[in-house]
Amino acid sequence: MSQPVKRRRRNAYSGSRINPSRFSASQIKFYLVLLPLAAFMVIPVLMIVNRAFMPLGELHAFPPRIFASEFTFNNFRALFRLSSTTGVPMSRYLLNSVVITILTVILNLAISVTGAYALSKKRFRLKERLFSINQLALMFVPTAVAVPRYIVIVNSGMLNTLFAHILPLVAMPVVLFLIKQFTDQIPDALIEAAVIDGAGDLTIIRRVIIPLTRPALATAAVLSFQLVWGAVEASNNFITDDSLRTLAFYLNAISTNNTVSAAGMTAAASLILFLPNLIIFIFMQSQVMNTMSHSGIK
Amino acid sequence: MSSVSVSGKKPKPLKKREGLKAGLLLMPYAIPFTMFILVPVVVAIVLSFTFFDVINRPVFTGLLNYVSIFTQDTVFLKNVLPNTFLYALVVGPGGYVLSFLVAWMLTQLQRVPRTILALCIYTPSMLGSVFIGVVWRAIFSGDQAGIANFLLMELGLTDQPIQFLLTQDYFMLIMIIVSLWSAMGIGFLAMISGILNVNEELYEAAYVDGLRNRFQEIIYITIPSMKPQMLFGAVMAIVNAFNMGWIGVTLAGANPTPQYAGQLITNHIDDYGFIRYEMGYAAALSVVLLLVVYLFNKLAYRFFGEKEEIV
């Protein structure tokens, strides 16, 4: 698994500067751009994370406080207390969200990778047509589809079931598109070699496509997780039974409550919603941002 | 890619079985896709030719909705249309170019700093609308306790707090800043892995052939070798640029935005669909939006698509 030895030549090329293994002075200019940018991106986030732990008095203090003078979990406590008064404990919302997210993401990746393989590597007549339908669907605004979708859910008897959460999100045009784009880069010769070795489609997917599109699958998992975890459409429109709704729905509902005391809770709630996204991303990033240089993709 | 190769010469009967297999492989995706995306989209397109208030049966009205959009809807013509184009033209290409440049710079670093910086830069796009609202409303709050106002007053640049989010003067500008801030999303990640996976030997060979600098390297090697990711990034940038209206609503806390200053076509659709319950009209607006996005999408395919896939 070692990096190939860099060959020195007489021309300008001095080894790849992509994904270098050592610091060099030529990187300083990139740091000069990237560090301020990263700060601009992340400081507002840290501020709000801070607000989640701020005592209520400081949230509206003048001059505005950026960092809390003392840390408190009061906002979180208030959040949990509120949920215990509504009859459905927060743990129930959390459980719903976890079950729905895990099932949806797994199904989503599984059907997208097989679909992407078919659209990228199989040769059949409707291939391009089917792919353009997927692209058009990707471009259509979700708002306009809400009511027709509701009609579909009602007529298929899924109202107030977990299926109403899962099935509408199982097929994501973006995810199919993403995985297909990466599958396109796998040389056909590799697939043909596998066919000659007697591999069927499912074996090819398992042994060739999945290992070679790992960056795409990891990226897709991150995206799919975020979309499902944060989704409120089903809870809003297809579910009337409170005990079947999700954490995202509950926390969003709190944040629309514009009272003074809600400001701290909103910050706490958005932090709770954001953390799993962050964890999944950190967990997946090594797959996303790693070269596949020793996997034979090229 | 050097390997388009043999598969073109396959005997005919095989092709038929290939079609069947492809169908089976596509089925698990195609069924939920048809039920929950394709059928609703088709229904929405049909509804765009009707008057539909969500309660009563839709009444067929022909092209009336479309005619109204372009002749009677003054808010659409005077505010929504110019806003949408201004916003999309800045945020779409701006976000796209920025994503690529930042992704490229990140790949010039070693693994650990790259990972940390990428995490910082990607974070805003993970936040979700509630969080984004909380963050930026705290910064641009219209009273003295707003962080932007506080800083401006401390620096003596203004002596009155500025109503950033309640008046039209700064609204669009703030929307654009916030959008670019959260635009480094999935397309950006795809670009990072695209650049990292460009074959190293290509660079080496190109320098032998007389490539002189890094700019040429990007234009002649990096971008052509990662066309699929460039295309993905472009399509995502276009779709986002036309669908991020919720940012304005999140900032203003209400739809419509103050004096329609940040009203984009998606807000207009929400306004008609879920506030006035004129679903037919909202559907017609969505179809207009679809056509616009489709045109830009075609442009992206012209640049980065393979020849076979003309969408």
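Predicted model: local features only at pLDDT ≥ 70, side-chain atom pairs only at ≥ 80, totals over all residues.
**Stop 1: where the chains meet.** Colour the two chains separately.

**Stop 2: the core.** Next, select Leu178(A), Ile179(A), Ile192(B) and Ile238(B): they have the most contacts inside the largest nonpolar core, which has 177 residues. Helix α14 of chain B, residues 279-304, gives this core its largest share, 13 residues. Now zoom in on Ile192(B). Leaving aside residues up to four places away in sequence, Ile192(B) touches Val288(A) and Met289(A) from chain A, along with Ala103(B), Leu106(B), Thr107(B) and Ala118(B).

**Stop 3: helix α7 of chain B.** Select residues 171-181 of chain B. Which residues of this helix are buried? They are Phe171(B), Met172(B), Ile174(B), Met175(B), Val178(B), Ser179(B) and Trp181(B). These buried residues pack against α1 (28-52) of chain A, and also against α3 (74-107), α5 (129-139) and α12 (246-252) of chain B.

**Stop 4: a helix pair in chain A.** Finally, show α13 (residues 247-255) and α14 (residues 262-288) of chain A, whose axes come within 9 Å and cross at roughly 155°. Angles over 145 degrees count as roughly antiparallel, so α13(A) and α14(A) are roughly antiparallel to each other. Their crossing is left-handed. Residues making the contact include Leu251(A) and Ile254(A) of α13(A) and Met265(A) and Leu273(A) of α14(A). The contact residues divide into eight nonpolar, three polar and no charged.

Notes
Residues numbered from 1 in each chain as written. Chains lettered and ligands numbered in written order. Core = buried A, V, L, I, M, F, W, Y, C linked by C-beta atoms within 7 Å. Buried ≥ 20, exposed ≤ 12 C-beta atoms within 10 Å, placed from the backbone. Helix = DSSP H or I, 4+ residues; strand = E, 2+ residues; numbered from the N terminus. Contact = placed C-beta atoms within 7 Å. Axes fitted to C-alpha atoms, helices over the stretch in contact; angles between N-to-C directions. Parallel < 35°, antiparallel > 145°, perpendicular 65-115°, else oblique. Left-handed = near helix turned anticlockwise from the far one by under 90°. Nonpolar A, V, L, I, M, F, W, Y, C, P; charged D, E, K, R; others polar.
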